[in-house]
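Subject: Structure for your review, with notes

Dear colleague,

I am handing over the structure we spoke about, and my notes follow it. Please keep it open beside this message while you read.

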Amino acid sequence: MTMTEQQEQEAGGDVFARYVDAMGDAPLLGYLVLYSVFDGTVSPAELARWFAELGLDTAMLPAPIRADGAFETVTANTALSYEIPAGGPAGQLPGGGPAGQPGADKRTATLMVRRVRRDSQAIVCHVVREVRESAETRLDYTDGAAEVIFCRDTYRGAAPGAGTLRVYPNPAVVPPEEHEHLRAMLTTLSEQFDRHSRYLTGDKIRAMLRAYIESLHAIRVRPTGGVYFVHHRHHEALNALRTLIQRFGAGSHLYSVPLPDQAEMREMVIEAFRTKARQDLQKLATDIAAAQATARQRGTRVSQKAIEALYRKFQALQADAGEHSTLLSADLDETAAAMQLVSIQLTGLLAQAG
């Protein structure tokens with residue numbers, strides 16, 4: 001065991017080991033899993049190396065970072081607001097009053113990025129200055145405070161989505177006292193583009209983690225998500241995921257809380273599964289009906305590709321039901337009946353395709 005792994009175990013693993021010991025001889029049903037992930041400095045290569053070290057399924061790694069995706073993210077999220085006097089450039093209010101005195105009307109300026117053009121060569125955006133007066137509903141806009149361009153790499157062999165960021169400020173359209181704000185906004189945009197081009201965002205890591213946990217036939221215990229039940233037979237994968245998340249730093253963590261095999265706990269998990277299965281089957285039935293309705297409107301049949309996608313979803317739900325029926329020794333007759341109805345719908349689709 002490396003020094004890093006030893007520190008990680010001391011930081012998290014021993015706490016839960018003591019909790020399991022405190023449970024005494026109570027058998028273990030599984031784990032309640034909850035997690036938080038924040039933006040850090042984890043590169044795709046580093047994450048892939050950690051997956052290999054921890055024995056995690058590399059098929060669950062997030063998609064490679066695309067530079068055009070990083071550009072889309074930062075231009076959608078980067079903006080800067082600041083207050084400016086309501087008077088003219090000399091700092092006077094209409095009527096000659098000083099702009100800084102108490103009660104003077106204020107205006108708020110916001111520098112934001114708006115897309116202008118997107119094609120096979122570039123994505124072009126403009127920085128727009130919006131001014132809102134606090135006492136009125138009127139908005140004033142000034143376009144072209146800067147041009148922000150993503151120039152695609154079009155040479156043979158270029159990575160998908162590859163390209164470079166170019167920024168062309170145009171301070172002439174912004175009052176001199178606001179030039180510093182424009183520079184700060186463009187600097188932030190460039191820094192964020194560089195960061196998002198090199199490191200995985202918290203959103204991407206959360207999506208990866210959620211998909212990984214759900215691949216363990218997890219049951220969503222809380223309707224809004226974020227808390228899952230995972231059977232104890234997946235404890236090695238959970239331990240590896242906890243170690244992985246600890247390496248992200250910045251407050252990121254994953255907790256797998258042991259759940260004793262008691263009647264009340266078992267019923268909570270079974271009811272959560274029934275609720276999830278009912279919702280998933282209803283959605284699948286709706287998707288099947290929608291595919292059929294669309295095909296009728298077009299005077300065609302449901303495509304083979306669409307049928308295969310729906311059937312894969314059905315098989316995944318079947319696998320979940322089989323797994324939890326066995327592991328939880330649960331009576332899932334209601335779920336089985338709903339599964340049969342959806343199966344009949346799919347059989348009808350297959351017959352049409354044939």
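Below I go through the salt bridges, then one histidine, and then a pair of helices.

Please bear in mind throughout that this is a predicted model, and that the values quoted here are computed from it.

**Salt bridges**

With a nitrogen-to-oxygen cut-off of 4 Å, the count of salt bridges comes to 13. One of them joins the side chains of R66 and D68, with N and O 2.9 Å apart.

Two others each lie within a helix. In helix α4, which covers residues 179-198, the side chains of D194 and R198 meet in a salt bridge of 3.4 Å, N to O, and these residues are 4 apart, about one turn of the helix. Both are partly exposed, D194 with a relative accessible area of 39% and R198 with one of 45%. In helix α5 (residues 202-215), D203 and R206 are 3 residues apart, again about one turn, and the closest N and O atoms of their salt bridge are 2.5 Å apart. Here D203 counts as exposed at 54% relative accessibility, while R206, at 27%, counts as partly exposed.

**H196**

Helix α4 also holds H196. Is this histidine buried or exposed? H196 is buried, because its relative accessible area is 15%, and the limit for that class is under 20%. Leaving aside residues up to four places away in sequence, H196 touches I65, A70, T73, V74 and T201.

**Helices α5 and α6**

The axes of α5 and α6 (residues 235-248) come within 12 Å and cross at roughly 175°. Because angles over 145 degrees count as roughly antiparallel, α5 is described as roughly antiparallel to α6. On the α5 side, the contact is made by I205, M208, L209, Y212 and I213, and on the α6 side by L241, L244, I245 and F248. What kinds of residue make up the contact of α5 with α6? The residues divide into 9 nonpolar, no polar and no charged.

Helix α6 is mostly covered, with 10 of its 14 residues buried. As a check on the geometry of α6, its 14 residues should span 20 Å at 1.5 Å a residue, and the end C-alpha atoms are 20 Å apart, so the two values agree. Just after α6, G249 takes a positive phi of about 70°.

With best wishes

How values were computed
Residues numbered from 1 in each chain as written. Predicted model: local features only at pLDDT ≥ 70, side-chain atom pairs only at ≥ 80, totals over all residues. Heavy atoms only, no water. Buried < 20%, exposed > 50% of the residue type's maximum accessible area, 1.4 Å probe, protein only. Contact = heavy atoms within 4.5 Å. Axes fitted to C-alpha atoms, helices over the stretch in contact; angles between N-to-C directions. Parallel < 35°, antiparallel > 145°, perpendicular 65-115°, else oblique. Nonpolar A, V, L, I, M, F, W, Y, C, P; charged D, E, K, R; others polar. Expected span 1.5 Å × (residues − 1).
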